[in-house]
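The following exercises are to be worked with the sequence and the structure in view. Each task is followed by a solution in steps.

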Amino acid sequence: MITLGTGSPIPDPNRAGPATLVRAAGRDLLFDCGRAVLMRAAAAGSGPAQFHTVFLTHRHSDHITDLNDVITMQWVMSFGPTPLRIVGPEGTQGLIDKTLDMLTEDVGYRIAHHESLQYQPTIEVTEVSDGVVVDDDGIRIVAAPTEHSPVKPTVGYRIEADGKAVVIAGDTIPCEGLDRLCAGADVYVQTVVRESVVKMIPAPRLQDVLDYHSSIEQAADTAQRNGVKTLVMTHPVPGVAPGTEQEWIDEAQAVFAGEVALANDLDTFTL
Ligand SMILES: [Zn+2]
Ligand SMILES: [Zn+2]
């Protein structure tokens, strides 16, 4: 598992937007398409033509900013018509339709220019809510509903292969669906908010993020309650001030007895 992008909506010179690559059973599985996802995928030795499936947790802009880039480059970089598989919560088909609509002119320009590119991008969308999404060739992926209201619906994913399990929670507060995904997981990747710091910043729009994201303590509690081995904190809000990284980890470890990491872009977790 590689944390391609660990940022939040706030532009950060060192953190690309939310995106995680899971390499399992010979497949590159991409979770979310935040800012600069394809730059970070290239650094990880992957890319649009290698993505077996793209999974979306929800349609907040920071998680889908570069979806259009993934669609365009998968179409251009694949040899011959190759459908791009996209899995996401209900409403994903509508997002894809609108994104393709936005890309209409560019698709036309490229088809007019490249004799070898005489076909449209094709996308196979699967909308999921709760249950098994994939179960074949040594890999099993389960989706479950998460809680990020007013963004609805949202989902998290659990990926199982070789007897190991990784959970991509996305942006969510603790909830029953998240607990099910996390039960006994080896790695649990969670967006976190550092509540103690956010509360000191008198900006209403920042205070608003507290009620629909897990705090560090809540993420650690979810990990502890569900017997997770490693909690990987990502998408930190507010930004991590240099030198305070250990404070974030200490806050989690006060609640959770397992391993804790505060992810940076391109960190690799091998299971
Ligand atoms: Zn969100
Ligand atoms: Zn987000």
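**Exercise 1.** Determine which residues leucine 231 is in contact with, leaving aside its neighbours within four places in sequence.

*Solution.* Step 1: contact requires that two C-beta atoms, placed from the backbone, lie within 7 Å. Step 2: under this criterion the partners of leucine 231 are Tyr188, Gln190, Ala219, Ala220, Ala223, Ala252, Phe256, Gly258 and Val260. Step 3: Leu231 also belongs to the largest nonpolar core, where Val167, Tyr188, Leu231 and Met233 touch the most other members among 69 residues. Such a core is a set of buried Ala, Val, Leu, Ile, Met, Phe, Trp, Tyr and Cys residues joined through C-beta atoms within 7 Å.

The model is predicted; local features need pLDDT of at least 70 and side-chain atom pairs pLDDT 80 or more, while totals for chains, interfaces and linings use all residues. Residues are numbered from 1 along each chain as its sequence is written, and chains are lettered from A and ligands numbered from 1 in the order in which they are written.

**Exercise 2.** Which residues of α10 are buried, and which are exposed on the other side?

*Solution.* Step 1: a residue is buried if 20 or more other C-beta atoms lie within 10 Å of its own, exposed if 12 or fewer, and partly exposed in between, with C-beta atoms placed from the backbone. Step 2: Trp248, Glu251 and Ala252 of α10 are buried. Step 3: these residues lie on the same side of α10 because they cover an arc of only 100° around the axis, the arc being that of the directions from the helix axis to the C-beta atoms. Step 4: Gln246 and Asp250 are exposed on the other side of α10. Step 5: the buried residues pack against α9 (216-225), β12 and β13 (259-262).

**Exercise 3.** Why does threonine 244 count as partly exposed?

*Solution.* Step 1: threonine 244 is placed in the loop between β12 (230-237) and α10 (245-253). Helices (H or I, at least four residues) and strands (E, at least two) are DSSP runs, numbered from the N terminus. Step 2: threonine 244 counts as partly exposed because it has 14 C-beta neighbours inside 10 Å.

**Exercise 4.** State the strand order of the open sheet of seven strands and locate its edges.

*Solution.* Step 1: strands pair if DSSP finds at least two bridges between them. Step 2: the order is β6-β5-β4-β3-β2-β1-β14, with mixed pairing. Step 3: β6 (123-128) and β14 (267-268) are the edge strands, each pairing on one side only. Step 4: β1 (residues 2-5) and β2 (residues 19-24) run antiparallel, joined by three bridges, whereas β3 (residues 27-31) and β4 (residues 51-55) are parallel over four bridges.
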